[in-house]
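Subject: Handing over the model, with notes

Dear colleague,

Please find below the structure I promised to pass on to you. My notes on what was found in it follow directly after, with the criteria spelled out where each term comes up.

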Amino acid sequence: MQTTPHNEAKRGDYAETVLLPGDPQRTEWIAATFLQDVRCVNRVRGALAYTGRYRGAPISLHTTGIGAPSLAIYAHELLETYGAKTLIRVGTCGGLAEHVKLRSLVISQSSSSDSAINRQLFGVYDYAPSANFELLCRAARLAAEMGLVHHVGQTASSDVFYHPDVLGRFAGVRAHGALAVDMETNALYTVAARFGAKALSICTVVDSLVNHEDTDSTERQELFTDMVRLALDVATSATSAEAEPGPPRR
């Protein structure tokens with residue numbers, strides 16, 4: 001019997017830190033490329049999930065699919081049923097600012113949304129979910145140390161991929177500094193806040209809505225190497241920091 005309607009993994013099959021790619025092929029690639037002692041823990045609906053180790057630290061991967069509703073289901077179940085405590089999205093985004101170039105990384109500080117989900121949850125309030133500050137600072141520091149071209153700031157999440165007004169619909173958030181748009185970050189930060197969990201979204205810019213540029217789909221797996229390595233280093237450095245004893249109390 002499945003533990004949840006969407007997951008066949010048993011309790012204890014997931015590490016406390018889970019990376020969240022959207023694409024099952026990307027999940028499989030990350031597992032094969034970066035993790036050791038890997039085992040597959042979920043195949044339901046093609047949402048592949050793996051648990052293994054990175055530099056000795058336990059790490060899990062779980063495919064989220066596309067969009068806020070899909071990610072919200074898996075994030076909710078990972079936190080409520082499987083005991084996850086830290087969720088890090090590794091996905092793609094479209095640039096909304098001219099200086100946000102293809103192949104650079106966007107580390108989302110906060111995320112606006114056009115989704116009706118928030119209106120169902122918060123009524124008259126426009127809830128503003130944000131990243132975990134500790135993870136955000138660690139990601140920014142490590143990205144700089146690794147020499148990665150990256151941007152840290154606010155982003156947007158949209159429920160609509162094919163929209164007749166490609167750029168105009170983002171005029172408001174662009175005027176207020178939004179760097180990029182994806183479809184999942186807002187939902188990730190909202191669900192994590194509900195459970196008191198840590199969350200961070202790191203995305204690779206694969207197209208620009210401003211400059212009308214696009215990466216080729218054949219190079220995209222290669223593009224994700226820096227993003228995934230950064231996310232894994234953020235996750236494992238967090239684990240190491242928590243394991244280290246603090247200064248003696250007086």
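**Notes on the model**

I begin with V18, which lies in strand 1 (residues 17–20), where strands (E, at least two residues) and helices (H or I, at least four residues) are DSSP runs, numbered from the N terminus. This is a predicted model, in which local features need pLDDT of at least 70 and side-chain atom pairs count only at pLDDT 80 or more, whereas totals for chains, interfaces and linings use all residues. Residues are numbered from 1 along each chain as its sequence is written, and side-chain values use heavy atoms, with hydrogens and water left out.

V18 counts as buried, at 0% relative accessibility; buried here means under 20% relative accessible area, exposed over 50%, and partly exposed in between, with a 1.4 Å probe and protein chains only. Not counting residues up to four places away in sequence, V18 touches S60, L61, H62, L78, A84, T86, L87 and I88, contact being defined as heavy atoms within 4.5 Å. From V18 to L102 the C-alpha to C-alpha separation is 26 Å in space, and the two are 84 residues apart in sequence.

Leaving aside neighbours within four places in sequence, C93 is in contact with V106, A180, V181, D182, C203, T204, V205, V206 and D207. C93 and L209 are 116 residues apart in sequence, while their C-alpha atoms are 10 Å apart in space.

**Salt bridges**

Side chains of opposite charge can pair when their charged atoms come close. A search of the whole structure finds eight salt bridges, a salt bridge being a side-chain nitrogen of Lys or Arg within 4 Å of a carboxyl oxygen of Asp or Glu.

One of them pairs R89 with D182, with the closest N and O atoms 3.0 Å apart. This pair links distant parts of the chain, since R89 sits in strand 5 (residues 86–95) and D182 in strand 8 (residues 180–182), 93 residues apart; both R89 and D182 are buried. R89 also forms a salt bridge with E184, at 2.9 Å from N to O. Because R89 lies in strand 5 and E184 in the loop between strand 8 and helix 6 (185–195), this pair ties together parts that are 95 residues apart in sequence. E184, like R89, is buried.

The side chains of E134 and K198 meet in another salt bridge, again given as 2.9 Å from N to O. E134 belongs to helix 4 (residues 133–145) and K198 to strand 9 (residues 198–208), so the pair ties together parts that are 64 residues apart in sequence. E134 counts as partly exposed, at 32% relative accessibility. Through salt bridges that share partners, R89, D182 and E184 are joined into one network.

**Helix 2 and helix 6**

Two packed helices are described by the angle between their axes and the distance between the axes. The axes of helix 2 (residues 68–80) and helix 6 come within 9 Å and cross at roughly 25°, where axes are lines fitted to C-alpha atoms, for helices over the stretch in contact, and angles run from 0 to 180 degrees between N-to-C directions. That makes helix 2 roughly parallel to helix 6, given that angles under 35 degrees count as roughly parallel, over 145 as roughly antiparallel, 65 to 115 as roughly perpendicular and the rest as oblique.

The contact is made by A68, L71, A72, A75, H76, L79 and E80 of helix 2 together with A187, L188, V191, A192, R194 and F195 of helix 6. Eight of the 11 residues of helix 6 are buried, so this helix is largely enclosed by the rest of the structure; the buried residues are T185, N186, A187, L188, Y189, T190, V191 and A192. Just after helix 6, G196 takes a positive phi of about 65°.

**Backbone points**

Most residues other than glycine have a negative phi, and most peptide bonds are trans. D37, although not a glycine, has a positive phi of about 55°; D37 is placed in strand 2 (residues 36–42) and is exposed, with a relative accessible area of 65%. R55, also not a glycine, has a positive phi of about 55°. R55 is found in the loop between strand 3 (49–54) and strand 4 (57–62), and is exposed, with a relative accessible area of 62%.

With best wishes
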